[in-house]
Amino acid sequence: MKHGCWDSQCPLSKKGENMNSLKPNDEGFTGLEAAIVLIAFVVVAAVFSYVVLGAGFFTTQKSQEVVHTGVQQASSTLQLVGNVYGKGVAGADVTTINFTIALAPGGTPVDVSKMVITHSSKTTLQTLALADATGVAGALPLAASGTWAVTAIANGASNNLLLEKGEQFDITVAPTAPMAADSSFNLELKPVVGAALDIKRSIPAGTKALNLLY
């Protein structure tokens, strides 16, 4: 027939077969495969969440450490107790400075042997050395010129230089250059941890053997 055919050689038959071959075939996608894909997504999401939470916890911990360290470095560990005195010869220069220190409220123990004391005035700037104990073992030293020393310990069980809660250390500072009457000076006590303690005082115009510095 010219306009119709029934055998496999018919062009219309081939066209129909080609059209059927383009249809998607999803008969092989089973429920088991869908479950496996879903489980894979859940596992990946769980691992990702764990990583994100772990990174968040680590960042939070580091931030807390930075804040605590900053507060510890910025806060004062030492405080001045009582007055500051200057000793010397009446009518002459003051040669030594005496004062008492203790821990600030909430402060941690301070190894005073590692503390740095700097004396400054209008004409001098000097970092003083810690005087060594001499004589009997464990005896507290006297401050020679250019040094400082812990000359007495109150409320302490031993003569070690670890300033602990409740203890008070009497400090004697002996600058190399004597301090003249009617002059001023500054002492800076720098512990290993914590802010420095500044002591600013003036020498009275008329000096005595023992002077209350203001």
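Ile 97 stands opposite Val 173 in E8. This is a predicted model, in which local features need pLDDT of at least 70 and side-chain atom pairs count only at pLDDT 80 or more, while totals for chains, interfaces and linings use all residues. Residues are numbered from 1 along each chain as its sequence is written, and side-chain values use heavy atoms, with hydrogens and water left out.

The two strands around that residue pair are E2 (residues 94-103) and E8 (residues 168-174), which pair in the antiparallel sense over six bridges. Two strands count as paired if DSSP finds at least two bridges between them. Helices (H or I, at least four residues) and strands (E, at least two) are DSSP runs, numbered from the N terminus. Strands of a sheet pair through backbone hydrogen bonds, either parallel or antiparallel.

E2 and E8 belong to an open sheet of nine strands with mixed pairing, in the order E10-E9-E4-E5-E6-E8-E2-E1-E11. Strand E10 (197-202) and strand E11 (210-213) are at the edges with a single partner strand each, so one side of each has no neighbour in the sheet. On average, neighbouring strands of this sheet are turned by 25° against each other, direction ignored; the axes are lines fitted to C-alpha atoms, for helices over the stretch in contact, and angles run from 0 to 180 degrees between N-to-C directions.

Further along the sheet order is strand E4 (residues 116-120). Four of its five residues are buried, so E4 is largely enclosed by the rest of the structure. Buried means under 20% relative accessible area, exposed over 50%, and partly exposed in between (1.4 Å probe, protein chains only). E4 pairs with strand E5 (residues 125-130) in the antiparallel sense over four bridges, and the two form a hairpin with four residues between them. Within this pairing, His 119 has Gln 126 in E5 as its bridge partner.

E4 also runs antiparallel to strand E9 (residues 184-190), joined to it by five bridges. Here Val 116 stands opposite Lys 190 in E9. Lys 190 forms a salt bridge with Glu 188, with the closest N and O atoms 3.8 Å apart. A salt bridge is a side-chain nitrogen of Lys or Arg within 4 Å of a carboxyl oxygen of Asp or Glu, and the count by this rule comes to one. Lys 190 is partly exposed at 34% relative accessibility, and Glu 188 is partly exposed at 24%.

The loop between E8 and E9 contains Asp 182. Asp 182 has a positive phi of about 60° although it is not a glycine, and its relative accessible area of 59% makes it exposed.

Tyr 50 forms a nonpolar surface patch with Ile 39, Val 43, Val 47 and Val 51, and together they have about 530 Å² of accessible area. Patches are made of residues with over 30% relative accessible area and no salt bridge; like charges are joined within 9 Å, and nonpolar side chains (Val, Leu, Ile, Met, Phe, Trp, Tyr) within 5 Å.

Taken as a whole, the chain has two helices and eleven strands. Of its 214 residues, 25% count as buried. The chain exposes about 14,000 Å², with carbon and sulfur atoms supplying 62% of it; accessible areas come from the Shrake-Rupley method with a 1.4 Å probe, and for residues only the protein chains shown count as cover.
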